[in-house]
Amino acid sequence: MIRGGTIVDLTGTQVADVLIQDGVVATIGSKISSVPAGTVVLDASGCVVAPGLVDLHAHLRQPGREEAETVATGARAAALGGYTAVVAMPNTEPAIDCAAVVREVLDLGAGSCCDVRVAGAITVGRQGRQLAPMAEMAGLGVQIFTDDGCGVQDARLMRRAMEYASALGVTLAQHCEDASLAGGGHMHEGEWSSRLGIAGQPAEAEELMVMRDLALARLTGASMHFLHLSTAGSLAMIRGAKASGLTVTAEVTPHHFTLTDAEVASYDPVFKVNPPLRSESDVEAVKAALADGVVDAIATDHAPHAQETKEAPFDEAPPGMLGLETALGLALTELDLPIERILALLSWQPADIAGLTAEHGGPIAVGRPANLCVIDPTAKWVVDPAALASRSRNTPYTGRALVGRTRHTVLFGEPVVVNGEAQR
Amino acid sequence: MSRHLLSISDLGADGIEEVMALTDSFVEVSSRAIPRVPALRGKTVVSLFFEDSTRTRLSFETAARRLSADVMTFSASSSSVNKGESLRDTVETIEAMGIDAVVVRHAGSGVPWQVARWLHGPSVINAGDGWHEHPTQALLDCFTIRQERQRRGAARPAEGRPALDGLHIAIVGDIRHSRVARSDVLAFTSLGAHVTLVAPPTLLPPSLVGWPVEVSHDLDSVLPKLDVVYLLRLQKERMLEALLPSLREYTATYGLTRERARLLGDGALIMHPGPVNRGVEVAAEVVDQPSSVITQQVANGVAVRMAVLYLLLGAGVELVAA
């Protein structure tokens with residue numbers, strides 16, 4: 001039972017209590033009084049009751065990098081961030097490129113704080129040479145395929161992947177980076193990289209692959225999802241592609257609308273991420289694309305790394321930053337958008353892209369699975385790495401003051417976060 | 001002066017002038033029969049070189065010894081770095097030994113900044129980080145220009161004007177990958193010089209927004225107006241990255257050949273941070289002509305580093321002869 005909140009979902013807004021029984025929404029009404037004995041009551045006064053958030057892009061590191069994150073710790077971080085579903089990226093060791101590894105990760109996720117879904121690799125071992133068995137993985141419910149961490153460089157292979165995938169009803173998602181032009185750059189190429197003496201990768205390295213994949217989408221008719229777009233040029237191309245009727249979707253990350261490449265002046269590898277933090281004008285373009293609907297989803301690209309790997313020289317440290325526990329707070333604090341737009345970007349639109357609308361993303365209605373989060377939009381808090389549930393500490397937001405935080409998270413009717421405390 | 005010397009911009013124009021003034025006294029110390037003063041007796045200086053640079057390391061260690069400091073050498077090849085120890089572990093281990101300064105050289109840009117964050121007591125001196133900065137090289141370059149111009153009877157800057165006021169200096173070659181160029185641009189311009197970068201576009205940084213410099217791709221037209229031509233070492237592997245077609249073409253367009261050196265005005269100085277690729281960025285005969293002060297740069301390196309160590313570690317210690 002969630003009492004005293006304001007329900008916000010894709011159908012609108014209403015002040016109402018939500019009674020949950022057997023994992024589904026049983027009653028919605030104002031001041032529900034007939035409550036079965038023993039019902040847990042979650043206080044939502046002053047809060048928004050929303051469909052649980054859905055992250056299209058989380059690196060949970062298991063199998064292979066358990067010192068950085070496990071499915072259980074990543075799922076806990078997700079639940080604390082308001083997420084009821086996350087899509088685990090396949091760049092594990094071994095990569096999620098066959099049914100066996102899909103099954104392993106799904107098993108690890110069962111019973112965790114979050115509904116852990118899996119993205120499969122497009123190519124075997126994410127090597128970009130041979131198609132991975134997509135049908136076998138789709139048979140286990142995999143909806144998104146990507147070689148994330150790198151883009152599929154070979155245009156002919158990508159074309160074939162799109163054609164093959166279109167028969168399976170799945171979506172291909174690309175990490176757009178032309179490897180030869182990016183040339184191993186460790187940050188955005190521009191004024192700051194030039195001054196700091198760090199090899200950069202130009203915005204065009206991302207844009208070339210966006211351009212290529214839009215052409216291939218036109219050629220094959222496949223639906224494409226563009227991961228973590230970060231440049232003004234990429235977003236302009238997506239805007240044009242959507243206007244021309246292509247079935248493409250795009251996500252951006254919180255760090256690409258809150259941080260610029262100027263942060264790298266500290267030489268702290270906590271600011272190293274791929275795609276890299278971009279210029280001020282790119283950040284403005286990302287915000288504009290969130291506001292005007294060109295971007296469909298905010299995704300975290302949650303990328304935990306063990307502390308010692310980030311205590312290396314900038315050019316040797318791995319790219320990536322934590323995101324699951326700060327995404328909602330950053331969106332509410334930094335985006336000048338109404339909360340229903342922010343929830344669309346964090347919940348029901350990504351749920352749609354991931355093919356999860358039967359269970360996640362709402363609407364909050366009688367008979368629907370109770371995957372919900374209760375958000376206190378006025379809660380003030382300060383990001384403290386030591387207080388994060390992730391096994392890693394590589395947040396770039398240490399000390400940042402945010403407004404808005406998850407109070408409770410309900411997963412299939414079970415409270416997995418209560419008053420900001422994980423229950424599993 | 002702050003606790004560390006990471007960037008030449010930590011010093012500013014006044015700081016550079018202060019180092020140069022102090023360097024004058026250490027040049028005198030270095031000329032003595034026993035070139036040693038007790039200024040840093042009891043202090044320990046560690047040279048922490050993750051990248052081979054025998055010249056720079058010896059220069060710093062000689063400077064520290066002439067100030068009577070104890071010197072420890074840590075080189076990556078003989079250390080636990082190869083055993084998987086993290087950079088931070090290495091730095092904290094060295095601090096635990098009880099030291100006063102760390103001289104850091106690393107192929108990665110920014111490492112001295114990281115080291116400075118992890119250390120609590122010791123001073124950090126940047127002895128060259130990646131493509132980024134090499135502040136003591138810039139200091140010795142400024143000092144050498146000032147010294148050699150005085151020795152050659154050049155007009156001094158007007159009273160109250162900075163040491164390199166109005167001089168025209170060109171830095172020629174691989175600016176993109178050069179820590180020397182980045183520090184020299186900051187140092188020369190803060191002392192009032194006009195700086196022109198001369199290089200093919202592939203060897204310039206991708207963006208020069210905010211750099212107080214002019215750019216030219218025509219060395220011949222730049223040379224006649226120069227007071228100093230500063231040549232950078234060309235790494236021979238740059239051809240493999242499609243930055244240059246060939247060394248021959250580089251020398252033909254950007255090398256200081258014998259013929260080109262004749263375009264320099266009287267009194268113009270030829271400089272190079274070393275080691276020189278004779279016949280590539282500069283002709284062998286040009287290296288040896290009187291206007292070349294490359295050897296003097298090396299000689300001044302020790303005195304400049306003595307001045308830096310003294311300013312960072314010897315505050316309050318009287319500078320007296322041993």
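Residues are numbered from 1 along each chain as its sequence is written, and chains are lettered from A and ligands numbered from 1 in the order in which they are written. Because the model is predicted, local features need a pLDDT of at least 70 and side-chain atom pairs count only at pLDDT 80 or more, while totals for chains, interfaces and linings use all residues.

Between the two chains, 17 residues of chain A are in contact with 21 residues of chain B, contact being defined by C-beta atoms, placed from the backbone, that lie within 7 Å. The most is given to the chain A side by helix H6 (residues 191-196) of chain A, with four residues; helices (H or I, at least four residues) and strands (E, at least two) are DSSP runs, numbered from the N terminus. The chain A side that touches chain B comprises six nonpolar, five polar and six charged residues. In this classification Ala, Val, Leu, Ile, Met, Phe, Trp, Tyr, Cys and Pro count as nonpolar, Asp, Glu, Lys and Arg as charged, and the others, Gly among them, as polar.

In chain A, six of the six residues of strand E8 (residues 53-58) are buried, so this strand is largely enclosed by the rest of the structure. A residue is termed buried if 20 or more other C-beta atoms lie within 10 Å of its own, exposed if 12 or fewer, and partly exposed in between, with C-beta atoms placed from the backbone. Four bridges join E8(A) to strand E9 (residues 83-88) of chain A, and the two run parallel; strands pair if DSSP finds at least two bridges between them. A:Asp55 has A:Val86 in E9(A) as its bridge partner. Together with helix H1 (residues 71-80) of chain A, E8(A) and E9(A) make a right-handed β-α-β unit, in which, with the strands pointing away from the viewer, the path from the first strand over the helix to the second runs clockwise.

Helix H2 (residues 99-109) of chain A has as its buried residues A:Val101, A:Val102, A:Val105, A:Leu108 and A:Gly109. Seen down the axis of H2(A), these fall within an arc of 130 degrees, so they line one face of the helix; the arc is that of the directions from the helix axis to the C-beta atoms. They pack against H1, E9, strand E10 (115-120) and helix H3 (134-138) of chain A. The face of H2(A) turned away from the buried side carries the exposed residues A:Ala100 and A:Asp107. Just after H2(A), A:Gly111 takes a positive phi of about 85 degrees.

A:His225, found in strand E15 (residues 224-226) of chain A, is buried, with 25 other C-beta atoms within 10 Å. Beyond its neighbours within four places in sequence, A:His225 is in contact with A:Ile144, A:Thr171, A:Ala173, A:Thr249 and A:Ile353.

In chain B, four strands form an open sheet with parallel pairing, in the order E2-E1-E3-E4. Its edge strands, each pairing on one side only, are E2 (70-75) and E4 (123-129) of chain B. Six bridges join strand E1 (residues 44-49) of chain B to E2(B), and B:Thr44 has B:Asp70 as its bridge partner in E2(B).
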